[in-house]
Amino acid sequence: MIRAVFHTNQDHGIASFEMTGHADHGDYGQDIVCAAVSALAIATVNGLERVVRRSATITADHANGGLLKVSSIDPGHDSQILMQTFLEAMLDIQEQYAENIVIKMS
């Protein structure tokens with residue numbers, strides 16, 4: 001199961017997120033839940049770095065539990081639009097595949 005935790009700041013913006021685990025919805029290379037979550041996460045990180053030109057601290061460890069942690073996210077408007085869009089898309093996936101992904105807010 002993929003577990004995602006979104007951490008908010010005092011202004012209720014997203015300050016960081018952490019994802020661990022594997023969806024286990026299908027065979028390796030055929031897992032649509034994993035593919036969707038991975039594509040969203042990569043697009044969000046690329047959007048932060050390449051589109052709104054804001055850096056974030058990124059930690060990834062695909063071998064040991066599928067960890068992706070993104071922290072020090074800029075609280076600015078453009079960064080938060082990307083983060084809120086990412087969160088909403090993740091919640092949509094959770095709604096359809098609750099047995100494969102769980103999202104929490106902290």
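The stops below go from the helices to the core and then to the loops.

**Before selecting anything**

This is a predicted model, in which local features need pLDDT of at least 70 and side-chain atom pairs count only at pLDDT 80 or more, while totals for chains, interfaces and linings use all residues. Residues are numbered from 1 along each chain as its sequence is written, and side-chain values use heavy atoms, with hydrogens and water left out. Helices (H or I, at least four residues) and strands (E, at least two) are DSSP runs, numbered from the N terminus.

**Helix 1**

Select residues 32-51, which form helix 1. The end C-alpha atoms of this 20-residue helix are 26 Å apart, in agreement with the 28 Å that it should span at 1.5 Å a residue; the expected span is 1.5 Å times one less than the number of residues. Colour Val33, Val37, Ala41, Thr44, Val45, Gly47 and Leu48, which are the buried residues of helix 1, where buried means under 20% relative accessible area, exposed over 50% and partly exposed in between (1.4 Å probe, protein chains only). Looking down the axis of helix 1, you will find these buried residues within an arc of 155 degrees, so they line one face of the helix; the arc is that of the directions from the helix axis to the C-beta atoms. The face turned away from the buried side carries the exposed residues Ile42, Arg50 and Val51.

Next, show what lies against the buried residues of helix 1: they pack against strand 1, strand 2, strand 3, strand 4, helix 2 and strand 5, with contact meaning heavy atoms within 4.5 Å. At the N-terminal end, select Asp31, which caps helix 1 through a side-chain oxygen that lies 3.1 Å from the backbone nitrogen of Val33. Such a polar contact is a pair of N or O atoms within 3.5 Å; within protein, one must be able to donate a hydrogen and the other to accept it, and residues adjacent in sequence count only if both atoms are side-chain atoms.

**Helix 2**

Move to residues 77-96, where helix 2 has 20 residues and reaches 29 Å from its first C-alpha to its last, close to the expected 28 Å. Ser79, Gln80, Met83, Phe86, Leu87, Met90, Ile93 and Gln94 are buried here. Down the axis of helix 2, these buried residues fall within an arc of 145 degrees, so they too line one face of their helix. On the other side, His77, Glu95 and Gln96 are exposed. The cover over the buried residues of helix 2 includes strand 1 (2-8), strand 2 (14-20), helix 1 and strand 5 (101-105).

**The nonpolar core**

Which residues have the most contacts inside the largest nonpolar core? Select Phe6, Phe17, Met19, Val37, Ile73, Phe86 and Met90, which have the most contacts within this core of 24 residues. A nonpolar core is a set of buried Ala, Val, Leu, Ile, Met, Phe, Trp, Tyr and Cys residues joined through side-chain atoms within 4.5 Å. Strand 1, strand 2, helix 1, strand 4, helix 2 and strand 5 each give two or more residues to it. Centre the view on Val37, which, leaving aside neighbours within four places in sequence, is in contact with Ile2, Met19, Met90, Ile93 and Ile101.

**The loop after helix 1**

Arg53 sits in the loop between helix 1 and strand 3 (57-61) and, at 63% relative accessibility, counts as exposed. Just after helix 1, Arg53 takes a positive phi of about 55 degrees, and a polar atom of its side chain lies 3.5 Å from the backbone oxygen of Arg50.

Now select Arg54 and Asp74, whose side chains meet in a salt bridge (3.3 Å, N to O). The pair links distant parts of the chain, 20 residues apart, with Arg54 in the loop between helix 1 and strand 3 and Asp74 in the loop between strand 4 (67-71) and helix 2. A salt bridge is a side-chain nitrogen of Lys or Arg within 4 Å of a carboxyl oxygen of Asp or Glu, and by this rule the count comes to one. Arg54 is partly exposed at 40% relative accessible area, and Asp74 is partly exposed at 23%.

**Last stops**

Ser71, in strand 4, is buried with a relative accessible area of 18%. Ser72, in the loop between strand 4 and helix 2, is exposed at 52% and has a positive phi of about 55 degrees although it is not a glycine.
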